[in-house]
Amino acid sequence: MAAIFTKAPGKIILFGEHAVVYGQPAIAIPVTRVNATASIVPEIQAEPGLVRIHAPDIQLNAELSTLAENHPLGSAVRLTMEWLKPEDIPSFTLQVTSTIPIASGMGSSAAIAVAIIRAVSDFLGSPLSAQDVSSLAFEVERIQHGTPSGIDNHVIAYQQPLVFQQGKPHQLLKIDQPTHWIIADSGESTPTRETVAAVRSLFDQEPEYIQPLFDSIGAIARDAKDALINGNLPRLGMLLNQNHALLKQVKVSSTRLDQLVQAALDAGAVGAKLSGGGRGGNIIALVSPEQVETVSTSLLKAGAVNIITTLLTGNEIP
Ligand code: MEV
């Protein structure tokens, strides 16, 4: 059996986070500058079925059978095997690494799950479709995050910009006009599980306050779809700023995120907002090509600990 190597990108949400958990549409894009990788090497000498997982980033080097049922890496391997039901499981070592910042809204857990599911299914000789990879990654996400919407596993498994809405087929976006985005890491992080739970308790306490905010965020995401395809910067900028203001009202921003958003706008960004679960993690800023340098420098001066720039084009399809 040959060795296998797979890769899955990070992601950012451009519009609609949190509201997407409550049935609203949201737009996400893959970010290929960062990724999770999984490689599998067959262990011909070992007894059949012996699976070892090595993840140096988190100091893990263990046999699958010793990991808890809900272990994120272990559950990605187990769920893939349960899905494929291979007659024999040859012994193998799975190595996992990732350059995607953890708990910062860039989809690191979904990307790791996607890379593992692809590697294991390829290794077992039954490569899975993007749809099946996404469904399995969603199960892994559910074990980790409780109530994920499914947007992360979708955009990462398909590796294309898309509109996602629960209960509806996703729409892949064919971008006509490229746009430049800056992703700035605040250096603070809160696990998405926690921000999603905090929003849930706010929603349960004050549905009449939160529901209209979600409705407005959904309307923004619908509106942004065409503006994104056509590269309509003024419209996108306005929608980004409005989306950030609504996320503040949903109480998932932070002083630091607000400062970074303001720094991007002051430096000439067309629009900016937090991206992902919030209360830390990243902000995104939309910029014209001439502004990439200036806005990036200002964000670093304002305290961003890392900057990733990405060009959203129609050629993301691998
Ligand atoms: C996380 O990337 C986006 C959230 O909307 C959670 C989810 O959709 O599962 C905050």
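1. E139 and R142 form a salt bridge in which the closest N and O atoms are 3.3 Å apart. The term salt bridge is used here for a side-chain nitrogen of Lys or Arg within 4 Å of a carboxyl oxygen of Asp or Glu. Both residues belong to helix α3 (residues 130-145), and because they are three residues apart there, about one helical turn separates them. E139 is partly exposed at 30% relative accessibility, and R142 is partly exposed at 40%. On this scale, buried means under 20% relative accessible area, exposed means over 50%, and partly exposed lies in between (1.4 Å probe, protein chains only).

2. The model is predicted: local features need pLDDT of at least 70, side-chain atom pairs count only at pLDDT 80 or more, and totals for chains, interfaces and linings use all residues. Residues are numbered from 1 along each chain as its sequence is written, and side-chain values use heavy atoms, with hydrogens and water left out. Helices (H or I, at least four residues) and strands (E, at least two) are DSSP runs, numbered from the N terminus.

3. How many salt bridges does the structure hold? There are five, and the pair in point 1 is one of them. Another joins the side chains of R235 and D223, with an N to O distance of 2.5 Å. R235 sits in helix α7 (residues 233-249) and D223 in helix α6 (residues 207-230), so this pair ties together parts that are 12 residues apart in sequence. R235 has a relative accessible area of 33% and is therefore partly exposed. D223 is also partly exposed, at 29%.

4. A further salt bridge brings together the side chains of D258 and K248, at 3.8 Å from N to O. This pair links distant parts of the chain, as D258 lies in helix α8 (residues 255-266) and K248 in helix α7, 10 residues apart. With a relative accessible area of 23%, D258 counts as partly exposed. K248 is partly exposed as well, at 43%.

5. Which residues come nearest to the ligand? Of the 13 residues around the ligand, they are K11, H18, V20, S149 and D152. A residue counts as near a molecule if one of its heavy atoms lies within 4 Å of it. Polar contacts are also present; the term covers a pair of N or O atoms within 3.5 Å (within protein, one must be able to donate a hydrogen and the other to accept it, and residues adjacent in sequence count only if both atoms are side-chain atoms). K11 places a polar side-chain atom 2.9 Å from a ligand oxygen atom. D152 has a polar side-chain atom 3.0 Å from an oxygen atom of the ligand. Taken alone, the ligand exposes 300 Å², and the protein buries 96% of that. These areas come from the Shrake-Rupley method with a 1.4 Å probe.

6. The ligand takes up the space of the largest pocket. A pocket is an open set of points on a 1 Å grid over the protein atoms alone, where a 1.4 Å probe fits and protein lies on both sides within 12 Å along at least five of seven lines. A molecule sits in a pocket if more than half of its atoms lie within 2 Å of its grid points. The elements giving two or more residues to the shell around the ligand are β1 (4-15), α4 (151-158) and α5 (192-205).

7. Two residues other than glycine with positive phi may be checked on the model. Q59 has a phi near 50 degrees and is found in the loop between β3 (51-55) and β4 (60-63). At 71% relative accessibility, Q59 counts as exposed. Q159 has a positive phi of about 55 degrees and is found in the loop between α4 and β6 (162-164). Is Q159 buried or exposed? Its relative accessible area is 18%, so Q159 is buried.

8. I12 lies in strand β1 and is buried, at 0% relative accessibility. I12 and I27 are 15 residues apart in sequence, and their C-alpha atoms are 8.8 Å apart in space. L312 lies in strand β11 (residues 306-312) and is buried, with a relative accessible area of 2%. L312 and Q177 are 135 residues apart in sequence but 8.5 Å apart in space, C-alpha to C-alpha.

Note on methods. 1 Å grid on protein atoms, 1.4 Å probe; cavity = no way out; pocket = protein on both sides within 12 Å on 5 of 7 lines; lining within 4 Å.
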